[in-house]
Amino acid sequence: MKSTYLTHSRTAHVSLAVMAAASLLGTVVLATALPIWLIPVGYFAALIAAVVLFVGWVRWSDPDI
């Protein structure tokens with residue numbers, strides 16, 4: 001069976017973990033009365049992780065890049 005990007009790439013695993021943590025950050029901020037400016041920080045962290053995930057997938061699928 002051919003290896004896939006999501007199952008064999010450490011970059012993909014880290015990106016997915018950052019996206020999950022960043023999506024939970026908003027709930028944690030509201031529940032613990034942390035500074036409200038941390039919510040957009042979580043959004044940007046999830047966005048950056050999604051970009052890294054996408055670029056890694058493109059590089060995995062076409063190794064000539």
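Modeller: Val18 is partly exposed, at a relative accessible area of 35%; on this scale buried is under 20%, exposed is over 50% and partly exposed lies in between, with a 1.4 Å probe and protein chains only. Before going on: this is a predicted model, where local features need pLDDT of at least 70 and side-chain atom pairs count only at pLDDT 80 or more, while totals for chains, interfaces and linings use all residues. Residues are numbered from 1 along each chain as its sequence is written, and side-chain values use heavy atoms, with hydrogens and water left out.

Val18 sits in helix α2; helices here are DSSP runs of H or I with at least four residues (strands would be E, at least two), numbered from the N terminus. Setting aside neighbours within four places in sequence, Val18 is in contact (heavy atoms within 4.5 Å) with Ala45 and Ala49. Thr7 is another matter: it is 11 residues from Val18 in sequence, and the two C-alpha atoms are 16 Å apart.

Now look from the other side. Ala45 belongs to helix α3 and is partly exposed too, with a relative accessible area of 27%. Along the chain Ala45 and Ser23 are 22 residues apart, yet 9.1 Å separates their C-alpha atoms.

Ala49, the other partner of Val18, also touches Ser15. Ser15 is in helix α2 and counts as buried because its relative accessible area is 4%. Besides Ala49, Ser15 touches Val52 and Leu53, not counting residues up to four places away in sequence.

What are the buried residues of α3? They are Leu38, Ile39, Gly42, Ala49, Leu53 and Gly56, and they pack against α1 (5–8) and α2 (10–32). As for the geometry of α3, its 24 residues (38–61) should span 34 Å at 1.5 Å a residue, and the end C-alpha atoms are 35 Å apart, which agrees. The expected span is 1.5 Å times one less than the number of residues.

Phe44, Leu47, Ile48, Val51, Val52, Phe54, Val55 and Trp57 make up a nonpolar surface patch with about 810 Å² of accessible area together. Patch members have over 30% relative accessible area and no salt bridge, and nonpolar side chains (Val, Leu, Ile, Met, Phe, Trp, Tyr) are joined within 5 Å, like charges within 9 Å. A salt bridge is a Lys or Arg side-chain nitrogen within 4 Å of an Asp or Glu carboxyl oxygen, and the areas are Shrake-Rupley values.

The loop between α2 and α3 holds Ala33 and Pro35. Ala33 is exposed at 71% relative accessible area, and its phi is near 60 degrees, a positive value in a residue other than glycine. Most residues other than glycine have a negative phi. Pro35 is partly exposed at 36%; Phe54, in helix α3, is 19 residues away from Pro35 in sequence and 30 Å away, C-alpha to C-alpha.

How far to trust it? The chain averages a pLDDT of 90, with 97% of residues scoring at least 70; pLDDT is the predictor's confidence in each residue, from 0 to 100. Confidence is highest in α2, at a mean of 94, and lowest in α1, at 86.

Terms used. Accessible areas come from the Shrake-Rupley method with a 1.4 Å probe; for residues, only the protein chains shown count as cover.
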